[in-house]
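Please consult the sequence and structure shown here while reading.

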Amino acid sequence: MFHHLSKARRVFLLAALLGAATAGNAQQPDSTPAAAAPAPAADSYPENLNYIGGDTSMPPMSDSPIRADNPYHKALWDMGVALRVIAQAVYTQNTLHAPVAADDQVYVGERPFQIGMVQPILSADLRQLHLKRAQLYVGGDFDWVSWRPAGPKTFQLWDLYFYKALGANRVEIKAGYVSMNLDFIGLFVGGSTAAGAQGVYAVLPYEAGMSYFPLTSPGATLRVKSTPNTYIKFGLQRSIDPDGGPAEVARNQTGFRFMPHGDKALLLQEAGYLRQAGKDAREAWFRAGYLYNTTPYKNVVTGLNDSGNHCAFALMDYQLRPSNAEHPNQGLYAGGSYMAVPATLNGYTRYAELRLYDEAPLRSRPADLISVVASRTQYSPLLVESLRQQGKTAKTAWTASTTLTASYSLRAAAGSYLNVSASYIDGPAIAPRVPSALNLTASWTVFF
């Protein structure tokens, strides 16, 4: 079949969100959607050293097994520098059927699947250069996976960029090597990775070339807050390899390669309305946008390379019921997503999602999050027909995937987060037509 829709690429995309969910972006106590989170003030100590300016958030710098008043932390923070290490382990397994033979596996969880990740991060607020509301952010990633098609076994660059906020934080700029999935679209339920479904889950932007953890690329972002509740964002990045994650890692093992041959520009545009929860207001976040890729992709119909791959998206989250007057962001939320890409250039073409989640379901546990997410991903009918003509699948190939995922995220101890989920997947792979799966996943993340 056409190489950009190879089995390895389809499998890698199946695991893309699972990999993104291991990016070390867990929910923080009393969290709000990070796209709305303003940049910290110039003297915000030490949160000006945390991850800022994106669509998701990390726990506070003080949330660590190492006490905040430890000399190790304070000595660095007083110099305007932070060294953070995130470690994570993930386990996934289908519980409806016995594991298949290794050569027959086609989706994550069909055999017991593990991920091990260590992510060192160095940040500096650049006070020595007399810059305010600025940051240098450098991150690496060591990844080990038990099933190679589902992710890279690599140690490489994750992020390396300069951040600056201007005009009372109305304008925010990033430039360098950026993982755009943390800065655009707002894919993480509740502003965290707590409820990430396993299987095909919002991977359409990655098909269209958007960079995502741990795959980075050179780029720049511009976010402008046009009114107190509205914003527009623009991004420009070098596209991820059109053959998918495995090809990207093979050609760019360190992550530093600036412009591999054939990879061209991806343009990102997003506009949104974001109203923070308050005493007299419920939180509301609507965003929509468009990605356009100038890189040639293999056309399923013609077999030729065509530029113009793109992804349109619209998402909405609304607070149905606040649960704590002292912390108005806590409570019950509902949301939905819709995304579309061309069927001629991509294996997955339409994505729709409905979600219901509760931030701080127990008042005594403000950092917990419980969610239920239902999604449906349409497979490219052109790809399915191509597979049939090549004799690589039966006439009964799956044409879509439907998932229902329930998850609970809890803060188990200082800096430690346990996430457990059950995901029923009807149509876990395009071909062959394997039985539906019930994947159980557990992950443990520690922020040092």
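The model is a predicted one. Tyr318 is located in strand E12.

Tyr318 belongs to a nonpolar surface patch of about 830 Å².

## Backbone exceptions

In general, most residues other than glycine have a negative phi, and most peptide bonds are trans. Two residues and one peptide bond are described here against that background.

Asn169 is not a glycine, yet has a positive phi of about 70°. Asn169 sits in the loop between strand E4 (154–166) and strand E5 (171–178), and its relative accessibility is 15%, so Asn169 counts as buried. Ala360 likewise has a positive phi, near 60°. The loop that holds Ala360 runs between strand E14 (348–359) and strand E15 (369–379). Ala360 is buried because its relative accessible area is 5%, under the 20% limit.

The peptide bond from Phe213 to Pro214 is cis, with omega near 0°. Pro214 is part of the loop between helix H4 (204–207) and strand E6 (217–227).

## Nonpolar cores

The largest nonpolar core has 49 residues. Within this core, Ile185, Leu204, Met210, Met339 and Ile430 touch the most other members. At least two core residues each come from strand E2 (113–124), E4, H4, strand E8 (265–275), E12, E14 and helix H6 (381–389). E4 gives the most, with 4 residues.

Which residues does Met210 touch, not counting those up to four places away in sequence? They are Met180, Asn181, Phe184, Ile185, Pro205, Gln237, Ile240, Leu266, Leu268 and Leu291. Another core, of 7 residues, lies apart from the largest one; Val90, Phe113, Val145 and Trp147 are among its members.

## Confidence of the prediction

The protein chain has a mean pLDDT of 84, and 86% of its residues reach 70 or more. The pLDDT is below 50 over residues 10–37, a stretch that has 125 contacts in the model beyond near neighbours in sequence. Over residues 193–200 the pLDDT is also below 50, and that stretch has 34 contacts in the model beyond near neighbours in sequence.

Technical notes
Residues numbered from 1 in each chain as written. Predicted model: local features only at pLDDT ≥ 70, side-chain atom pairs only at ≥ 80, totals over all residues. Heavy atoms only, no water. Patch = residues over 30% accessible without salt bridge, like charges linked within 9 Å, V, L, I, M, F, W, Y side chains within 5 Å. Areas by Shrake-Rupley, 256 points an atom, 1.4 Å probe, with all protein chains shown as cover. Salt bridge = Lys/Arg side-chain N within 4 Å of Asp/Glu carboxyl O. Buried < 20%, exposed > 50% of the residue type's maximum accessible area, 1.4 Å probe, protein only. pLDDT = per-residue confidence, 0-100. Contact = heavy atoms within 4.5 Å. Core = buried A, V, L, I, M, F, W, Y, C linked by side-chain atoms within 4.5 Å.
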